[in-house]
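I opened this entry to look up a pocket and some helix packing. My notes follow the model.

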Amino acid sequence: MNEETMVKVNSGEIPNTMMRRMLPLSTSGPRGQQHLHYFKVESKAPRNLVKTTFVMIHGLNRRRQSCMSWEELPDFFSRFGMVLALDLLGHGHSLPGAAHGDINQPYDVELQVDAVLELLSVEAPNDGKLVFVGRSYGGYVSTKLCEGLKGSVLGLVLIAPMLENKEEFAPILENLPIFLMWAKEDMLIPFENSQLILGNCRKVQTLFIDRINVPEDVRSKPSFKFMSHSPEITNKEEFSMQVTPWLREILKFRGG
């Protein structure tokens with residue numbers, strides 16, 4: 001990695017397997033110079049897996065969503081490849097971002113896509129395959145990225161994705177392997193939206209959660225609606241057990 005290109009930032013309370021970095025972007029945004037903050041986790045995958053980079057993209061909530069929202073999942077996915085878990089522009093520690101007083105600064109999806117593409121050009125240039133992991137709005141950003149990366153994308157892990165226009169997403173996703181997870185009690189994007197994806201995509205494996213795994217007293221608190229939208233966190237054991245064989249299949253896992 002070229003140290004003139006990459007700026008390291010104070011790691012804070014994060015696992016020592018995760019490298020925290022800040023990438024100065026070549027393009028300017030609505031507020032001038034932009035920097036994309038992200039975590040990188042090196043691959044722990046066996047050599048008999050296809051060389052793969054997992055790109056983890058969180059949802060659209062500048063006060064609650066960032067690369068830290070994935071908790072331990074970047075380490076989990078590193079068993080199958082290198083992981084890049086990023087803060088979308090306007091979120092977390094990306095600049096400008098939520099941590100710097102720019103809560104209301106708008107960023108359209110094309111700016112987000114361009115930022116992720118620049119990150120990939122630095123961290124994974126023409127090197128192996130890609131799997132996108134997108135929650136909510138991150139599923140929409142992931143879908144837009146797939147549009148320009150045909151041939152490189154092995155599949156997507158989508159958690160309650162914000163996909164409502166089938167004319168827009170179906171031509172991109174209809175033949176890609178998808179692992180779709182949704183909580184039936186999701187209070188932000190209704191579970192019924194899953195049928196739109198199932199009806200327009202051919203290679204979908206589902207994990208639908210009847211009831212998320214949280215203490216009973218949490219269900220009456222305002223935070224519950226956000227937890228209901230992150231079943232991969234609340235039900236992470238179930239998620240890891242079911243997504244593992246799917247990953248082994250799309251990565252052409254051979255051996256024990």
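I began with the lining of the largest pocket: helix H6 (224-227) and helix H7 (231-234) each supply at least two of its residues. Helices here are DSSP runs (H or I, at least four residues), numbered from the N terminus. The model is predicted: local features need pLDDT of at least 70, side-chain atom pairs count only at pLDDT 80 or more, and totals for chains, interfaces and linings use all residues. Residues are numbered from 1 along each chain as its sequence is written, and side-chain values use heavy atoms, with hydrogens and water left out.

By class, I read the lining as six nonpolar, nine polar and three charged residues. Ala, Val, Leu, Ile, Met, Phe, Trp, Tyr, Cys and Pro count as nonpolar, Asp, Glu, Lys and Arg as charged, and the others, Gly among them, as polar.

Next I turned to H3 (residues 137-147) and its contact with H2 (residues 109-123). Val113 and Val116 are among the H2 residues that meet H3, where Tyr140 and Lys144 are among the partners; contact means heavy atoms within 4.5 Å.

Tyr140, Thr143, Lys144, Cys146 and Glu147 in H3 meet Glu168, Phe169, Ile172 and Leu173 in H4. I found five nonpolar, one polar and three charged residues there.

Conventions:
Axes fitted to C-alpha atoms, helices over the stretch in contact; angles between N-to-C directions.
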